[in-house]
Amino acid sequence: RSEAPGYTGTASAEAVAEEIRAAGGKAIADSHSVASEEGAAAIVQTALDAFGSLDIVVNNAGVCISAPIDVLSPADFRMHIEVNLLGPYYLARSAWPHMKAAGCGRIVNITSGSMAGYAQQAAYASSKGGLWSLTRNLATEGAPFGIKANALNPGAFTRMVSATLLDDSP
């Protein structure tokens with residue numbers, strides 16, 4: 001989850017977990033923030049406690065504030081880096097020893113086409129471009145240990161995109 005203003009992810013995460021369980025799957029929601037080392041370690045521990053092992057990490061948490069560079073505050077830019085780039089780093093770093101010991105694992109990072117340049121997306125694009133580079137390095141570093149890392153670069157009309165189009169968006 002992220003700490004983005006207006007974020008209602010705890011309820012959303014639990015709703016998705018419940019939907020998975022209702023369909024016969026196993027799922028657990030966790031409300032720790034990805035934007036801290038401690039939060040990421042707690043997320044990994046929640047998965048280990050619930051399932052006994054950790055086979056995959058999907059880094060999908062994200063924050064996006066669309067604003068011109070001269071309006072975007074340094075605090076907002078920093079929040080993008082903390083959630084969109086450091087969050088996946090913290091989670092990969094926390095999961096890495098478990099995957100390494102198992103001799104396998106998968107890290108999937110969600111990047112964005114915005115990283116190639118998109119108006120009023122300096123912070124988001126920078127964080128997602130950095131995440132793409134991190135993914136490439138994790139793939140190289142993980143290969144000898146059976147750990148695979150991939151980036152998924154979607155383009156979609158998501159809740160996050162629609163929120164940036166609201167009149168009261170920053």
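**Exercise 1. Work out how helix 3 and helix 4 cross, and which residues meet there.**

Step 1. Start with handedness: helix 3 and helix 4 make a right-handed crossing. (A crossing is right-handed if the near helix is turned clockwise from the far one by less than a right angle, left-handed if anticlockwise; helices are DSSP runs of H or I with at least four residues, strands are E runs of at least two, and both are numbered from the N terminus.)

This is a predicted model, where local features need pLDDT of at least 70 and side-chain atom pairs count only at pLDDT 80 or more, while totals for chains, interfaces and linings use all residues. Residues are numbered from 1 along each chain as its sequence is written, and side-chain values use heavy atoms, with hydrogens and water left out.

Step 2. Now the geometry. The two axes, helix 4 being residues 122-142, come within 7 Å and cross at roughly 15 degrees. (Axes are lines fitted to C-alpha atoms, for helices over the stretch in contact; angles run from 0 to 180 degrees between N-to-C directions.) Helix 3 is therefore roughly parallel to helix 4. (Angles under 35 degrees count as roughly parallel, over 145 as roughly antiparallel, 65 to 115 as roughly perpendicular and the rest as oblique.)

Step 3. Find the contact (heavy atoms within 4.5 Å). (Ala, Val, Leu, Ile, Met, Phe, Trp, Tyr, Cys and Pro count as nonpolar, Asp, Glu, Lys and Arg as charged, and the others, Gly among them, as polar.)

**Exercise 2. Describe the packing of helix 2 and helix 3.**

Step 1. Take helix 2 (residues 37-51) and helix 3 (residues 74-102): their axes lie 8 Å apart, at an angle of about 40 degrees. These two helices are therefore oblique to each other.

Step 2. Among the contact residues are Ala40, Ile43, Val44 and Leu48 of helix 2 and Tyr90, Leu91 and His98 of helix 3. The class count is 8 nonpolar, 2 polar and 2 charged residues.

**Exercise 3. Place Ile56 in the fold and list what Ile56 touches.**

Step 1. Look in strand 1 (residues 56-59), where Ile56 sits.

Step 2. Leaving out residues up to four places away in sequence, Ile56 touches Met99, Arg106 and Val108. Arg106 is 50 residues from Ile56 along the chain, yet their C-alpha atoms are separated by 4.6 Å.
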